[in-house]
Amino acid sequence: MALSRPEGSRGNSLTKKLRDFSVKYVKISEADMARSRELVRSYIESQVMDYCRKNSLPPRGLPILRLEYTGSVYEGLKTEAADEVDVMVVLKTTRQEVTVEHTGIPGYARLKASGSSNFRQYADPGGYIIPNRLRDAWFYSLVVQAVDAFNEKSQICDVYLVARYHGPAVQIDILTKVTNQHLLSTDLVPCFQLESGDYYVAKSYSGDRRSSQGDLLWRQSFSLKEKAKLQHMDRDRGCRHELLRIVKTLVKRQPTSLGTLESYHLKTAFMHYMDAKSANWNGLDSLGEHFRGFLQKLQGYLERGFLPHYWLESVNLLEDVNKGVVRQMADRMKRILNSEVEMNKVLA
């Protein structure tokens, strides 16, 4: 007579496979993480942004208040290599110098500068600050000057810097002089913190410009709220960070349509999942149990074709993804969940 498997043996087996997968493909050493943070401190903060602060003063310049470090490196969610960081460059404004006007487009607003503000030089005739104009006419040129100044004076330094556009951001790459090895990329994005405490970044609207003044819209940023939620989510010594890093890596390695899911989709789905599943994150089988539970949650979003933005629940993050591709992703996730063979393949 065949012996039945002890209760929990399936969970133990899956947990072991996940830990093996994590060691092989996911984990970044603390030394690498510390090295990336030190590169940011030594070159981005102490060199580039220090130059920008000193050389961006009124009347032509704009004062910089502080830097906010965001993204997966600072959330403890980076996978494979700690070679990219995101920095919000918060501009200094006085009370009522910049006001927000909501437009009916969730997550986007117009920012209006008062008549006496230095920000008016980057605004349209009505006083609305144009994200691309502020980035191009002020910030990009300032960062290029800072990079050129560093490269010119750092003859004995073993690295050099390169500045370039990267979507709505200004990206700085740090490379070694001898071998041109890429060490780190930093995305710098100008932003405002308004009196309400909300942040708006220079990432202009990419939707239907026929129905709105898209080039005037600033995007509300929830990066700091997400960092606060995710950075210390394992205070109970749980496995949340490990689980999300594993899923991010697993999805990225998929040659199928599932590989087109972006990290922000996964992070958002995971924040929803954590709200629904607040217990049992530090048990022996927790990693395997929550891995399966999270994939089921994610599959449900794909099946419905609706993944609500965590902070703006009426916004569907899957809206811009081809519906046929979303169905394919849902089917692929279902096969992984329902077949031990498929599960083993993706974790091999």
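## Salt-bridge network

E75, E226 and K267 are linked in a network of salt bridges, a salt bridge being a side-chain nitrogen of Lys or Arg within 4 Å of a carboxyl oxygen of Asp or Glu. The model is predicted, so local features need pLDDT of at least 70 and side-chain atom pairs count only at pLDDT 80 or more, while totals for chains, interfaces and linings use all residues. Residues are numbered from 1 along each chain as its sequence is written, and side-chain values use heavy atoms, with hydrogens and water left out.

## Helix α7

K267 is one of the buried residues of α7, which also include H265, L266, F270 and Y273. Because 10 of its 14 residues are buried, α7 is largely enclosed by the rest of the structure. The helix covers residues 263–276 and reaches 20 Å from its first C-alpha to its last, close to the expected 20 Å at 1.5 Å a residue; the expected span is 1.5 Å times one less than the number of residues.

The buried residues of α7 pack against α3 (72–75), α5 (223–230), α6 (240–252) and α8 (286–304), with contact defined as heavy atoms within 4.5 Å.

## Salt bridges within helices

A search of the whole structure finds 17 salt bridges. One of them joins R41 to E38, with the closest N and O atoms 3.0 Å apart. R41 and E38 both lie in helix α2 (residues 30–54), 3 residues apart, about one turn of the helix. R41 counts as partly exposed at 41% relative accessibility, and E38 is partly exposed at 37%.

E342 and K345 also form a salt bridge, the closest N and O atoms being 3.6 Å apart. These two residues stand 3 residues apart in helix α10 (residues 340–346) and are therefore separated by about one helical turn. E342 is buried, with a relative accessible area of 18%, whereas K345 is exposed, with 54%.

## Nonpolar cores

The largest nonpolar core has 50 residues, and those with the most contacts inside it are M49, L134, V143 and F192. A nonpolar core is a set of buried Ala, Val, Leu, Ile, Met, Phe, Trp, Tyr and Cys residues joined through side-chain atoms within 4.5 Å. Leaving aside neighbours within four places in sequence, V143 is in contact with V48, C52, A163, V170, I172 and L188. A second, separate core of 43 residues includes Y273, Y310, V346 and L347.

## The loop at T103

T103 is found in the loop between β3 (98–102) and β4 (108–113) and is partly exposed, with a relative accessible area of 27%. Not counting residues up to four places away in sequence, T103 touches Y108, A109, R110 and L217.

A polar atom of the T103 side chain lies 3.3 Å from the backbone nitrogen of I105. The backbone oxygen of Y108 lies 3.4 Å from a polar atom of the T103 side chain.

Definitions and conventions:
Helices (H or I, at least four residues) and strands (E, at least two) are DSSP runs, numbered from the N terminus. Buried means under 20% relative accessible area, exposed over 50%, partly exposed in between (1.4 Å probe, protein chains only). A polar contact is a pair of N or O atoms within 3.5 Å; within protein, one must be able to donate a hydrogen and the other to accept it, and residues adjacent in sequence count only if both atoms are side-chain atoms.
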